[in-house]
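Let us walk through this structure step by step. Keep the sequence and the 3D view open as you read.

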Number of protein chains: 2
Amino acid sequence: MTKLWQWGEFPLIKLLTKGFKAGNGVVVSVGDDCAVLTYTPKEYLLWTSDLLFEGVHFLKDAPPSAIGHKALAVSLSDIAAMAGKPLYCQVFVGLPSSASVAYCREIYRGISQLAKRYGVKIVGGDTNAFEKLVIGTTVLGVVEKDYLTLRNGAAPGDLICLSGKIGKGKETHLSFLPKVKEARKIKRLLCPTAMIDLSDGLLSDFTRIAEESHVGGRIFLEQIPAVAGVKKEEALISGEEFELLFTVKPKMRKKVLKAGFFLVGEVTKRKDGIKTIDNKGKPFLPPSPGYNHFKREKRNKPL
Amino acid sequence: MTKLWQWGEFPLIKLLTKGFKAGNGVVVSVGDDCAVLTYTPKEYLLWTSDLLFEGVHFLKDAPPSAIGHKALAVSLSDIAAMAGKPLYCQVFVGLPSSASVAYCREIYRGISQLAKRYGVKIVGGDTNAFEKLVIGTTVLGVVEKDYLTLRNGAAPGDLICLSGKIGKGKETHLSFLPKVKEARKIKRLLCPTAMIDLSDGLLSDFTRIAEESHVGGRIFLEQIPAVAGVKKEEALISGEEFELLFTVKPKMRKKVLKAGFFLVGEVTKRKDGIKTIDNKGKPFLPPSPGYNHFKREKRNKPL
């Protein structure tokens, strides 16, 4: 009997979502950061849900306010990836009965503070007792119809860009600020052809754009904007960065740089595959393409 | 340091949701089955989220399709409780890496079949690896503005009614069908002043209506429609029934009975409190008012 760890996450999601189709009020069903639903004449409704687990997405001894912060931040980052504006949020948690009321307050403080900062209203949720901390959020947002940015519009010749430096996801994943304003700026200035937020790693998440757009791509190792102290080879596969990865038409090159964003590669034809090129012009093969949720080893640390 | 099990579920929810307010697109924020948001000129958007845990809401060896069924059914039941129509659903799961692909397919088959039956489209979600099975859904629905039924409209003199027989929640909680059509019928025929779906038990859930409506109530033990083989005393506190508990104006008495629903009590003034009356006209005190998620004992069985 085939086990999940033999399959990996993406084949599983593909299998399970095979019957999910767009149409009849649904503009985008699966295969992107958010579902897109019809809403007002000028706007779409964006909808995303995320679930975080103790020992997987955060450690047991992480500050509770940071856990709350992250639970909402990952969903806001999905809204950002579609160039949308988050509006409402629901929170669902499983809390150990032995947890203190003060601990729970801190979790909710983390959520509330981030919600306030992004103008998001918390409108309900679900609270249960469970042996480990499990916390999720579901967020509704809106995007103007002409602002909606999907993963499927990249074309050969387009430039691959990043909104900021990467490589320290392990340190910043509990405190990062979702790039909602940055995404709106990218849309306004650069008309991106595709966009995604970096959750599993630059290489892995570009693969998602490539698959949805039916293209290939070259990422130039030398051009990756790694934060100080991190090798570019590590930045390439570093997960939970939550910067925006996007593609633009070649004519936008100067504007990308002027706006303070980074060029990291170029979109190619699908048959050319996805390659990372080192500074000698040779293909570089990373030890792993990025994060896979279903693997056999017992992990003791998140990411 | 106060622990959650010393507090119970409702004081916790009250504390944590203190700052959540209606206004600016939010018609109802917390304190009801769903959040209610502005939507079209004639309709509101309904939004609810539920999270189920292995060992709490279902046993490890429960049929996977039944687990999937329940995960969606509890959210659809929340939409029913507001007299709404469910439209869209997202599913988030934590799955053990050792689970078989066939097992996951069965979970999703349970969800998909129920979704199809109720005309609900599955539009995304989140999939993670976790040591135990955790599964949640978030559902969006609509309700005509004049159909919206909240928990807060019950008034002294109103009749307390039930949509069906209760008492076997322990057996039916994995297979029940949410009362969406029944709720629409109740709204159309009986103009209920308040409504809720029975998740924690008749007595406990009536208490929620009473609190939101600032009223008291008398439940007549003799009138409780217990299923065959169940004592009325047990039916009073039996959880996960998912029938609809609603209140109507006294003039509706005949219509309630003609429509096949059950009368179980009457709404009183708040100062009279909430009482269960036995067949000798004396107050009956149940061993517990209903289900409390946060309690100290380790439980081995769901509910």
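Helix 3 of chain B is followed by Ala83(B), and the phi of Ala83(B) is positive, near 65 degrees. Now step back into the helix itself. Helix 3 covers residues 64-81 of chain B.

Chain A averages a pLDDT of 90, and 89% of the residues score at least 70. One stretch needs care. Over residues 296-303 of chain A, pLDDT stays under 50. For that stretch the model has 12 contacts beyond four places in sequence. Where pLDDT is low, the predicted coordinates should not be read in detail.

Helix 7 of chain B runs over residues 202-213 and has 12 residues. From first C-alpha to last it reaches 16 Å, close to the 16 Å expected at 1.5 Å a residue. Helix 7 of chain B is mostly covered, with nine of its 12 residues buried. Among them are Leu202(B), Leu203(B), Phe206(B) and Ile209(B). Asp205(B) and Arg208(B) are buried too. What covers the buried residues of this helix? The cover includes strand 7, strand 8, strand 9, strand 10, strand 12 and helix 8 of chain B. After the helix comes His214(B), whose phi is positive, near 55 degrees.

Now turn to chain A and its sheet. Strands of a sheet pair through backbone hydrogen bonds, either parallel or antiparallel. Here seven strands form an open sheet in the order 8-10-7-11-9-12-13, with mixed pairing. Strand 8 (194-197) and strand 13 (283-284) of chain A are the edge strands, and each pairs on one side only. Strand 8 and strand 10 of chain A pair in the antiparallel sense over four bridges. In strand 10 of chain A, Phe246(A) is the bridge partner of Met195(A).

Helices lie against this sheet. Helix 6 (residues 180-190) of chain A packs on the sheet and touches strand 8 and strand 10. Its direction makes about 5 degrees with that of strand 10 of chain A. Helix 7 of chain A lies across strands 7, 8, 9, 10 and 12 of chain A. That helix runs at about 155 degrees to strand 9 of chain A.

Definitions and conventions:
Residues numbered from 1 in each chain as written. Chains lettered and ligands numbered in written order. Predicted model: local features only at pLDDT ≥ 70, side-chain atom pairs only at ≥ 80, totals over all residues. Pairing = 2+ DSSP bridges. Helix = DSSP H or I, 4+ residues; strand = E, 2+ residues; numbered from the N terminus. Contact = placed C-beta atoms within 7 Å. Axes fitted to C-alpha atoms, helices over the stretch in contact; angles between N-to-C directions. Expected span 1.5 Å × (residues − 1). Buried ≥ 20, exposed ≤ 12 C-beta atoms within 10 Å, placed from the backbone. pLDDT = per-residue confidence, 0-100.
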